[in-house]
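User: I would like to go through this structure term by term, with each label set against its cut-off. Please state the criterion whenever a label comes up.

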Amino acid sequence: MADTSVEVLLEDFENKDNWDLGGPGAGQTHITTFAEGAPSKEPGVYANGAAGADYRAVALLVKAAAEGLDIELNPKPGSAFTVPGQLEELNLWVRSPHASIRVFARVGVGAEEQELSLGRITANGEWQRAGHELPDPAADVAILGLRIRLAEVIKRAGEVMILLDDLTARTRR
């Protein structure tokens, strides 16, 4: 029987209490939860096989945002996000109305750590999907964090808001 691929939600990604801020932008960034989530919020399938509905997104509010600023999201101890099966692709819904950004995922594959580019998100009020397809499926993958780099700040006064939702992994079982 051939291996099949399935896309699973990484449970509790949207819980702000699971994250610590890091990087140069940590001191000017506030993390909160936003009630609106990404499009097509049908009940998803979590890594443990259970179905569930999620209506939250992680919101980053960046004061005095500047181009080139890096903001890191690091899982708090005990809040690691492990990927079941062999990871084929990692995806994330992003909405960034005030700045064009680049999104990266830091992953641990076995004992090695690497950074995957999930892509560039243009300043837009609409949700956009970012993702990275691995050239070869990898087992024993853990999400070690995310990094957001502000590429072009459109809003010049107040806070820049960045919404992150539905971190998903397409895996082969």
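User: What makes the pair E115 and R147 a salt bridge?

Analyst: In this predicted model, the side chains of E115 and R147 meet with an N to O distance of 2.8 Å. A salt bridge is a side-chain nitrogen of Lys or Arg within 4 Å of a carboxyl oxygen of Asp or Glu, and the pair E115 and R147 therefore counts as a salt bridge at 2.8 Å. E115 lies in strand β11 (residues 112-121) and R147 in strand β13, so the pair ties together parts that are 32 residues apart in sequence. Strands here are DSSP runs of E with at least two residues, helices are runs of H or I with at least four, and both are numbered from the N terminus.

User: Why is E115 called partly exposed, and why is R147 called buried?

Analyst: The relative accessible area decides: buried means under 20%, exposed means over 50%, and partly exposed is in between, with a 1.4 Å probe and protein chains only. E115 has a relative accessibility of 40% and therefore counts as partly exposed, whereas R147, with a relative accessible area of 14%, is buried.

User: What does the model's origin imply for such values, and how are residues numbered?

Analyst: Because this is a predicted model, local features need pLDDT of at least 70 and side-chain atom pairs count only at pLDDT 80 or more, while totals for chains, interfaces and linings use all residues. Residues are numbered from 1 along each chain as its sequence is written, and side-chain values use heavy atoms, with hydrogens and water left out.

User: How do you know that R147 and D70 form a salt bridge?

Analyst: Their side chains meet at 3.2 Å, N to O, and this value is within the 4 Å limit. R147 lies in strand β13 (residues 141-153) and D70 in strand β7, so this pair ties together parts that are 77 residues apart in sequence. Strand β7 covers residues 70-75, and D70 counts as buried because its relative accessibility is 11%.

User: Which side chain makes a polar contact with the side chain of D70, and which residues does D70 touch?

Analyst: The side chain of D70 makes a polar contact with the side chain of R149 at 2.8 Å. A polar contact is a pair of N or O atoms within 3.5 Å; within protein, one must be able to donate a hydrogen and the other to accept it, and residues adjacent in sequence count only if both atoms are side-chain atoms. Leaving aside residues up to four places away in sequence, D70 touches G22, G23, P24, G25, R147, I148 and R149, where contact means heavy atoms within 4.5 Å.

User: What makes R170 and E88 a salt bridge, and is each of them buried or partly exposed?

Analyst: The closest N and O atoms of R170 and E88 are 3.1 Å apart, which is within 4 Å. The pair links distant parts of the chain, with R170 in strand β14 (residues 159-172) and E88 in strand β9 (residues 86-96), 82 residues apart. R170 is partly exposed because its relative accessible area is 25%, while E88 counts as buried at 7% relative accessibility. Salt bridges that share partners join E88, E89, E133, R170 and R172 into one network.
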